[in-house]
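Subject: Structure handover

Hi,

Here is the structure we talked about. My notes on the sheets and helices follow below it.

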Amino acid sequence: MTGNQASAGHLLRLIREGRATTRGALLRATGLSRSTVGHRLDQLFAAGWLREGETAPVEASTGGRPSTRLEFDAEHAVVLAADLGTRDANAAVTDLAGNVLAEHSCPMLLADGPDRVLDRLARWFADLLESSGTPHHRVCGVGLSVPGPVDWASGLVVQPPIMPGWDAYPVRERLQDACSRHIPGVPGPVPVLVDNDANLMAYAEHRAGHRDCAAFVLVKVSTGIGAGVVADGRLYRGIDGGAGDIGHIRLHDCPDALCMCGSYGCLAAVASGRALAGQLTEAGIETSSVAGVREHLAAGQPDAVRLAREAGRRVGEVLVTVVTLLNPGVLMIAGDLAGTPFLTGVRELLYQRAMPRSTSHLNVVTSRLGERAGLMGAATMVVEDLYSPERADARLAALDA
């Protein structure tokens, strides 16, 4: 390892990933001199990013005294994270290991528009910092999960069917402004990262329980339908954040089903929670929202169970192609409809129509993190970005300037 590949940021990554957690191990992993490793560790300690843990056991081949273990200090800063739904939102303060220090969930309508929603969110963050006893200057970043396509490079929400008024709105800048107004003392402008909810759920679920899976797909079925893909440990977003938008794949036999995107025949117009609410209402079972569908399913209402299973079959039709193309080891179903009837429908179609080669090593599972998945993904996104080698080195340089 040479040049900037052995910078302080790269040493930090080795320590965070558990690949080299003592000075001796860092020397062997990088090939750097003892003085250079010492200087770069001094930078990391001065920034407050490292701490010394318990002594590491002596290696039989080297002998000598036990080495002090180096650890990433997950308590030196906090992340503000939020997961926006169409009708509600979750917000939290977490440490850098993802431990929740304070959390708040409450109804919130995305249709109220980004100005009102982001201002209210910043107020929540201020209250959560106070309730957790966290000084404002310890905030290192904000992560936001939204139910629409996001251009990762710009942070802009792009033509979101279920987020009226949010298209091309400068979410990052406006949330930075709102945090500056409502959280005095927060280092500003605080970094704000935005991504699609299915992406962040996939990222969090993969890290929580499926780290060894080289190809992981999560499908969220709630008001809309979307998918997140993790390949070789990294989110796959496509060239401008459009990857995984399977809710707008057209079904050939549903030409009259009007989708919120304005097109006809989309999968989301037939098999989403919003679609099921409409179908139940048409059947004489008044259901005004996805939450109502979930309540009917929890009560075992026969029509809701039947429609959820059929919706699972329709989603399964599309997932046959997804599974054949990506060959994932895990397919996770998440969201409001991720119960037994829907999952049964998905499995029926998937195993019936996909080639055995595509499904022989496939595990079809449900969410492990549940309603916290998007929140955890948003927090993790911030930590992984800010403490990546390149960003870490830039931040250290700014501290030294």
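First, a term: two strands pair if DSSP finds at least two bridges between them. Helices (H or I, at least four residues) and strands (E, at least two) are DSSP runs, numbered from the N terminus. This is a predicted model: local features need pLDDT of at least 70, side-chain atom pairs count only at pLDDT 80 or more, and totals for chains, interfaces and linings use all residues. Residues are numbered from 1 along each chain as its sequence is written, and side-chain values use heavy atoms, with hydrogens and water left out.

**Sheet with β5 and β9 at its edges**

Five strands make an open sheet with mixed pairing, in the order β5-β4-β3-β6-β9. The edges are β5 (100-107) and β9 (192-196), each pairing on one side only. Neighbouring strands are turned by 15 degrees against each other on average, direction ignored. Axes here are lines fitted to C-alpha atoms, for helices over the stretch in contact, and angles run from 0 to 180 degrees between N-to-C directions. Strand β4 (residues 88-95) is antiparallel to β5, with seven bridges between them.

**Sheet with β12 and β14 at its edges**

This open sheet also has mixed pairing, and its five strands run in the order β12-β11-β10-β13-β14. β12 (234-236) and β14 (363-366) each have a single partner strand, so one side of each is left without a neighbour in the sheet. The twist averages 25 degrees from one strand to the next. β10 (residues 215-221) and β13 (residues 330-334) run parallel, joined by five bridges. Lys-220 stands opposite Ala-334 in β13.

**Helices on the sheets**

Contact means heavy atoms within 4.5 Å. Helix α6 (residues 197-209) lies across β3 (78-84), β6 (139-146) and β9, at about 95 degrees to β9. α6 also lies across β10, β11 (225-231), β12 and β13, at about 45 degrees to β11. α10 lies across β10, β11 and β13, running at about 160 degrees to β10.

Glu-310 is found in α10 (residues 302-326). Glu-310 is partly exposed, at 39% relative accessible area (buried is under 20%, exposed over 50%, partly exposed in between, with a 1.4 Å probe and protein chains only). Glu-310 and Leu-276 are 34 residues apart in sequence and 10.0 Å apart in space, C-alpha to C-alpha.

How many of the nine residues of α1 are buried? Seven are, so α1 is largely enclosed by the rest of the structure. Among them are Leu-11, Leu-14 and Ile-15. Just after α1, Gly-18 takes a positive phi of about 75 degrees.

α1 (residues 8-16) packs on α14 (residues 389-400) at about 130 degrees, with axes 7 Å apart. That makes α1 oblique to α14 (under 35 degrees is roughly parallel, over 145 roughly antiparallel, 65 to 115 roughly perpendicular, the rest oblique). The contact includes Leu-12 and Arg-13 of α1, and Asp-393 and Leu-396 of α14.

α1 also packs on α3 (residues 34-46), at about 80 degrees with axes 9 Å apart. The two are therefore roughly perpendicular. Residues that meet include Ala-8 and Leu-11 in α1, and Val-37 and Leu-41 in α3.

Best wishes
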